[in-house]
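Hi,

Here is the structure I promised to pass on. Have a look at it before you read the rest.

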Amino acid sequence: MGKYLILWETDLSRVPEDPKEQLELFTKLNNMVKEDLKNGPTKDFGMFLGGDSGYTIEEGTDEEIAMSTLKYSPFIKCTVHQVISADQIEEIMKKFKNG
């Protein structure tokens, strides 16, 4: 299982102009995030102060993470970065040292 930093950004061209429709969309997306925090791969979520972008920390398989990000499309664009822990880095350095 991998760990991922996902930077997300709202595609503002997909957001309805009508304020009531905007509220409905953002409520739906926020409820999806809350569900992912409760039962999905999302371990942490945050929105940057500008309000149209942020991050998540997720854990899972490549397929689980792909499914997690795709369900927010086309309203949210995601950039996914797989990360490794300090222990993993130490193991890599040991292997590198020993050839």
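Below is what turned up, starting with the whole chain and ending with single residues.

First, some ground rules. This is a predicted model, so local features need pLDDT of at least 70 and side-chain atom pairs count only at pLDDT 80 or more, while totals for chains, interfaces and linings use all residues. Residues are numbered from 1 along each chain as its sequence is written, and side-chain values use heavy atoms, with hydrogens and water left out.

The chain has three helices and four strands (DSSP runs numbered from the N terminus, with at least four residues of H or I for a helix and at least two of E for a strand). From the N terminus, their order is β-α-β-β-α-β-α. The chain is more spread out than a compact globule, because its radius of gyration is 17 Å, well over the 13 Å that the globule rule gives for 99 residues. (That radius is taken over C-alpha atoms, and the rule is 2.2 Å times the number of residues to the power 0.38.) Along the principal axes, the C-alpha trace spans about 60 × 25 × 20 Å.

Of the 99 residues, 25% are buried (under 20% relative accessible area; exposed is over 50% and partly exposed is in between, with a 1.4 Å probe and protein chains only).

Now for the charged pairs. The structure holds three salt bridges (a side-chain nitrogen of Lys or Arg within 4 Å of a carboxyl oxygen of Asp or Glu):

- Asp36 pairs with Lys71 at 2.6 Å, N to O. This one links distant parts of the chain, 35 residues apart: Asp36 is in helix H1 (residues 19–39), and Lys71 is in the loop between helix H2 (62–70) and E4. Asp36 is buried at 5% relative accessibility, whereas Lys71 is partly exposed at 42%.
- Arg14 meets Asp11 at 3.9 Å, N to O. Asp11 is buried at 14%, but Arg14 is partly exposed at 45%.
- Glu91 meets Lys94 at 3.6 Å, N to O. Both sit in helix H3, three residues apart, about one turn of the helix.

Ser53 counts as buried because its relative accessibility is 17%. Leaving out residues up to four places away in sequence, Ser53 touches Trp8, Glu9, Met47 and Phe48 (contact means heavy atoms within 4.5 Å).

Cheers
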